[in-house]
Amino acid sequence: MPYVVTVNGMRRSVDVDQDTPMLWVLRDVLGMSGTKFGCGLGLCGACTIHLDGKPVRSCITPIAAAAGKRITTIEAIGGTPAGRRIQQVWIELGVPQCGYCQSGQIMSATALLAAKPNPTDGDIDSAMSGNICRCGTYARIREGIKRAAHGAANGKQGA
Ligand code: FES
Ligand code: FES
C-alpha cells in the first residue's frame with residue numbers, strides 16, 4: 001500500500017507492504033545506498049538510521065512504524081551540528097578501515113552526542129555496544145566521540 005515517508009526532510013511516496021523494512025525502502029525503492037545491510041537481524045548496527053532523532057535498526061523497522069516520523073540517514077547527518085562534528089573528527093582521526101560499518105557507527109555516535117553532549121565512558125559503551133566493527137576500529141571510534149564532544153564544549157559546534 002502507499003506510504004508517505006519523510007526522509008532527510010523530503011516527503012517521498014512509496015508503495016510497499018506494511019512490513020517492508022525501512023532498509024529495503026531506503027536502498028531498493030529510494031536508491032539511497034549509504035545505509036548498509038549487515039546481518040538483517042538487528043544485531044550488527046550497520047543499518048542504523050534515526051527516527052525522530054533516535055537511532056533504530058532499519059533492517060527490523062517496518063515502514064508502518066517509520067511513516068509519520070522524521071527519518072534521517074547517513075546521507076544527511078552532516079547537516080546536523082552533532083553529525084557534522086562526528087564526521088569531521090572521523091576524517092581527522094581516519095576512523096574507518098574498510099568502512100562498511102561506519103555509516104551505522106556515525107549514526108549511533110551522532111545520536112549519542114545530540115542527546116548527551118558530554119558523554120561518559122559508560123554512555124559511549126551503552127550507545128555503541130550494538131554497532132559491530134569487523135575491522136576493530138573501536139578505539140578510534142571512542143576517541144572520535146570524545147574529541148567531537150570536546151570540540152562542542154569548546155564552542156566549535158557551529159564550525
Ligand atoms: S543489518 Fe540491521 S542490525 Fe545488522
Ligand atoms: S571499518 Fe570495516 S567493519 Fe568497521
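The views below show a predicted model.

**The two domains of the predicted model.** The protein chain is divided into domain 1 (2-72) and domain 2 (80-153). Their C-alpha centres lie 21 Å apart. Where the domains meet, 15 residues of domain 1 are in contact with 10 residues of domain 2.

**The open sheet of 5 strands.** The strands follow the order β2-β1-β5-β3-β4, and their pairing is mixed. Strands β2 (10-15) and β4 sit at the edges, each pairing on one side only. From one strand to the next, the twist averages 40°. Strands of a sheet pair through backbone hydrogen bonds, in either the parallel or the antiparallel sense.

**The hairpin of β1 and β2.** Strand β1 (residues 2-7) pairs with β2 in the antiparallel sense, over 6 bridges. Val7 stands opposite Met10 in β2. There are 2 residues between the strands of this hairpin, and Asn8 takes a positive phi near 55°.

**The hairpin of β3 and β4.** The pairing of strand β3 (residues 48-51) with β4 is antiparallel and covers 4 bridges. Here Leu51 stands opposite Lys54 in β4. The hairpin has 2 residues between the strands, and Asp52 takes a positive phi near 50°.

**Helix α4 against the sheet strands.** Helix α4 lies across β3, β4 and β5. The helix runs at about 35° to β3.

**The largest pocket and the residues around its centre.** The volume of the largest pocket is about 240 Å³. Its lining is made up of 16 residues, and Gly53, Thr110, Ala111, Ala114 and Ala115 lie nearest the centre. The elements giving two or more residues to this lining are β4 (54-57), β5 (70-72), α3 (81-93) and α4 (102-115).

**The make-up of the lining of the largest pocket.** Which element gives the largest share of the lining? That element is α4, with 5 residues. By class, 8 lining residues are nonpolar, 5 are polar and 3 are charged. At least three residues of the lining come from each of domain 1 (2-72) and domain 2 (80-153). The helix with the largest share, α4, is also the one that lies across β3, β4 and β5.

How values were computed: Residues are numbered from 1 along each chain as its sequence is written. Chains are lettered from A and ligands numbered from 1 in the order in which they are written. This is a predicted model: local features need pLDDT of at least 70, side-chain atom pairs count only at pLDDT 80 or more; totals for chains, interfaces and linings use all residues. Side-chain values use heavy atoms; hydrogens and water are left out. On a 1 Å grid over the protein atoms alone, a cavity is a set of points where a 1.4 Å probe fits but cannot get out, and a pocket is an open set with protein on both sides within 12 Å along at least five of seven lines; lining residues have an atom within 4 Å of a point. Grid points are joined across faces, edges and corners, and a volume is the space filled by probe spheres set on the points. Ala, Val, Leu, Ile, Met, Phe, Trp, Tyr, Cys and Pro count as nonpolar, Asp, Glu, Lys and Arg as charged, and the others, Gly among them, as polar. Domain bounds come from an automatic or database domain assignment. Two strands pair if DSSP finds at least two bridges between them. Axes are lines fitted to C-alpha atoms, for helices over the stretch in contact, and angles run from 0 to 180 degrees between N-to-C directions. Contact means heavy atoms within 4.5 Å.
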